Protein chains: 2
Amino acid sequence: MEGISRKIFLEMEAPTEEDSRSGQQRIEDALAQKGYEDVRLTLKAMRSIYPLCDEAGWEITVSLAWNGNNWMVVGLEAGDMTGNHYGIAVDLGSTTIAARLLDCSTGACLAEASGFNRQIAYGTDILTRIFYCKDKPEALEELRQVTVQSVSEVTKKLEEKTGICAQSCIQMVVSGNTAMIHFLVGMDPFCVFSTPYAVRADRPGFLPAADIGLPVSGYVFCLPGKSNYLGGDIISGMIDTQLYRSDSVCAFFDIGTNGELVIGNKDFLLCGAGAAGPALEGGVVKTGMRADKGAVDRVWMENGEIRIHVIGGQKPEGICGSGIVDLLAELFLHGWIDLKGKLISEKSLKIQKKGEMYAVEYAPGLFFYQSDIDEFVRTKAAAYTMVECMLRESGFSMEDISRFYVAGAFGKHVSKESAIAIGMYPDMERERIINAGNSSLEGAAKLLLNMRFLDDLEEILEKMIYIQFGAIEDFLHIMVAAQALPHTDMERYPTVMERLAKMNGNKK
Amino acid sequence: MEGISRKIFLEMEAPTEEDSRSGQQRIEDALAQKGYEDVRLTLKAMRSIYPLCDEAGWEITVSLAWNGNNWMVVGLEAGDMTGNHYGIAVDLGSTTIAARLLDCSTGACLAEASGFNRQIAYGTDILTRIFYCKDKPEALEELRQVTVQSVSEVTKKLEEKTGICAQSCIQMVVSGNTAMIHFLVGMDPFCVFSTPYAVRADRPGFLPAADIGLPVSGYVFCLPGKSNYLGGDIISGMIDTQLYRSDSVCAFFDIGTNGELVIGNKDFLLCGAGAAGPALEGGVVKTGMRADKGAVDRVWMENGEIRIHVIGGQKPEGICGSGIVDLLAELFLHGWIDLKGKLISEKSLKIQKKGEMYAVEYAPGLFFYQSDIDEFVRTKAAAYTMVECMLRESGFSMEDISRFYVAGAFGKHVSKESAIAIGMYPDMERERIINAGNSSLEGAAKLLLNMRFLDDLEEILEKMIYIQFGAIEDFLHIMVAAQALPHTDMERYPTVMERLAKMNGNKK
């Protein structure tokens, strides 16, 4: 493992009158012999030389942390402790913080934990949090502390699971979107969402963990961002998927609160971001909810009846993203909604007029409204259009995409078939659609274990060209075409046409 | 001025939607255009980008601090503040702390201040302080804090004198002996005085000032030491005198609590340290005192009478180093003591039997005892022997010395003629004996203003060969020869012989 931290066992001679080099010099010389030149000691490490080295008979293990330019000795231990070499990778999400404690000598994941981002108390929506502290340094400091505390709580869980305290981990790699990194560092993130979208800092790099207030002994490395909407979490996804090393063209789509898209290969990387997400997270839909206990996460039809699966097996309380996609796909495939997504009331008694509009009762007492459908169709159209426009910009087409990565919780839970049926994903070979999982966390973990990726970050950032979807002249035009189910141009969805034909055949 | 800090005025374009680079990136790019590549921002600097840059119309001044490997942006200010570029040089003495506030753009010294080292409360003698905290981390922390506080008090005085607060200074360079630097950094300094004399750290380098607890915005650079007894104060003296660049052989002698000696030129540097000092500081002599109010600092004879000068013009309370050297020289030249330094009671009524031994009354009620003289003669013999032995080791002789630097308060106050008369200084052309003043402070100031000296430090440390005087076989033998006044080998002191001859001639 050639990560951004090292543990090196040094067997040194105890000082004698003939060789009275200082403790510091002995350590530096011993490290130089092992190929680590120009290593510096932190104040804390210097202070711990005595009595530790004497007591350990000058057989000690040093913890080295890369600070972006140099190796720094950030800790000393008696004896050979090279086997205890740990680090932490963190995905700092706006809702959930996920972290992993890694054995940096084997690369093994020793534990994973997650917890809520306590910023939620300041607004479930990021914008509310941002307005809370806009130009109010005390409020910003409050949110900074809450962010640090939230990360610390998750690392505490790792500690409880493994018995390894965070302080004995050397480095921490944090991946998060630009606003989250602003909160963590303590910078006013209003810039992320306001014109001209020039953020404060997008490459904070290696910052002393003690300065940030996080418990590891070395540095906190925040993955750099490309732009306001394209943050370190996406860059981390690049590291994870190695898209920038691919010979063939790949797409990487992170669908969450926002949608972020990268299309490219070893020769080019186009990226963009857009409001493709909200409806998918259940935030816009009336009975929408997060994928938590009580959420309908699977929907299918049997004998003209809607069947559901509820997380936790309890009474349904609402519907989450994967449930919505299933529901729409089933409604469409069974003809309860037409190509434009309009509910056809005569198709079922479950479709009822609720106030001004129609709605379908997908679970006892829970309704999915026409306005919800319309919102969702716009969302999926936006997502599809982002992919289409960006491909066009790159000179490639859907057929050229060898791998279509879908990152995040959405990609993990959504049924590929349903997402294709409603024209959200392109109609391609199913095995080419890859659930990238929490690629933000995966990338952070990989970087922790392999410092070569630091150079790759430079390469990625340099290669990336940010496409302003708003600047694409016919974006809206293309999106309107994508607002049909699965698409106005049905030729693009041969397998969906087949399913529809089969369904209609069955009916006959 | 090419010092270890810079102030750079950056006129940047405000962000636009077309150029939405982050504030951090704009600063880094603007610095790169001025030739500062790979500059990183500290957490504090990153946090201050907003609202400062916006408010300043993106015309800002950045403070750059060298951290030993890179330039770090440690502060931002609105507008062109390049004229306000300050730094602090400190001589951290065991008794006195002297500091200078420098204008780093012109090199001008804006103020100098000094104050006591509060460690004195833990013992006037360094050893007492060291024993106080030996293996007691809490006591060590107490002394560390006292040291930091003492330095801060002196910088506070600079602030009062100039109106420039220490926080608006970028870098601080501290020069001090090895024990003082251990105290400042917070390392147990017992090692400095105990076998095998391997210290904890002799090259602490650039440490974040905030971590040390000192008020500048960048780093505290501690001058490196060569060995336990040859600390950063002497290395700083090398920078000041440029001895290591000299074509001809020079000697550098710092006579204080200890005596530290360097002999060399651009080709070699021999160094050593020995107990040459205590008697010179008035510590060992019964009525000895520091060169303070009430101290006899000048002594001469007129018509067979001892005349004195007292600091502050008041009633004499004791005698300091320069007074002692004058007194001994006069006693010797006037035949009141013989070649061996023995008082000749019949020479004057001022020479009286006090208890077991003779003593000379140099001021009303103040006596200089035979034992004081003996102690002092041993001291001056040690000093002379150090020079002689080291010259012999280097293959040179007294005649080869082109410049003989005497550093510290001793060199400043002692009369060259008197020091030669008693054989403490070699008998050489007077203008070749140079009072180097507080070369420890001078060197620190020069380094602050010229980063080339950082490379020179490497060269100096590498070139320096430490001579253990204890390991020189005939050191004691040579010292015994030097215990005569001015020396057993009178040939070495032609001008003293002349004076004696003249005196005797006058008497005839």
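The charged end of Arg26(A) sits over the ring of Trp58(A), 5.6 Å from the ring centre. A charge counts as sitting over a ring if NZ of Lys or CZ of Arg is within 6 Å of the ring centre and within 35 degrees of the ring normal. In chain B, Arg26(B) lies over the face of Trp58(B), at 5.6 Å from the ring centre.

This is a predicted model, in which local features need pLDDT of at least 70 and side-chain atom pairs count only at pLDDT 80 or more, while totals for chains, interfaces and linings use all residues. Residues are numbered from 1 along each chain as its sequence is written, chains are lettered from A and ligands numbered from 1 in the order in which they are written, and side-chain values use heavy atoms, without hydrogens and water.

**Aromatic pairs**

Over all chains, the structure holds 26 aromatic pairs. One of them joins Trp66(A) and Trp71(A): the ring centres are 5.2 Å apart and the planes stand at 65 degrees, so the pair is edge-to-face. Rings of Phe, Tyr and Trp (its six-membered ring) pair if their centres lie within 6.5 Å; planes under 30 degrees apart count as stacked, over 60 as edge-to-face and the rest as tilted. Ring pairs link Tyr36(A), Trp66(A) and Trp71(A) into a cluster.

The table gives relative accessible areas, where buried means under 20%, exposed over 50% and partly exposed in between (1.4 Å probe, protein chains only).

| Residue | Relative accessible area | Class |
|---|---|---|
| Trp66(A) | 17% | buried |
| Trp71(A) | 9% | buried |
| Gln24(B) | 2% | buried |

**The interface**

Contact (heavy atoms within 4.5 Å) is made by 40 residues of chain A with 40 residues of chain B. The two chains bury about 3500 Å² between them, 49% of it on carbon and sulfur atoms. On the chain A side, Leu43(A), Tyr50(A) and Arg200(A) lose the most area to chain B, together 19% of what that side buries. Buried area is the accessible area (1.4 Å probe) that two parts lose on being put together, summed over both.

Gln24(B) is found in helix H1 (residues 23-33) of chain B. Leaving aside residues up to four places away in sequence, Gln24(B) touches residues of both chains, including Arg200(A), Asp202(A), Leu41(B) and Ile49(B).

**A sheet in chain B**

Chain B has an open sheet of six strands in the order E21-E20-E11-E12-E13-E22, with mixed pairing. Strands E21 (433-437) and E22 (464-466) of chain B stand at the edges with a single partner strand each, so one side of each is left without a neighbour in the sheet. Helices (H or I, at least four residues) and strands (E, at least two) are DSSP runs, numbered from the N terminus, and two strands pair if DSSP finds at least two bridges between them.

Strands E12 (residues 259-264) and E13 (residues 269-274) of chain B run antiparallel and are joined by six bridges. In E13(B), Cys271(B) is the bridge partner of Val262(B).

**A hairpin in chain A**

Strand E18 (residues 357-363) of chain A pairs with E19(A) in the antiparallel sense over four bridges. The hairpin of E18(A) and E19(A) has two residues between the strands, and Gly365(A) takes a positive phi near 80 degrees there. Both faces of strand E19 (residues 366-369) of chain A are covered: Leu366(A) and Phe368(A) are buried on one side, Phe367(A) and Tyr369(A) on the other. Phe367(A) is also the bridge partner of Glu361(A).
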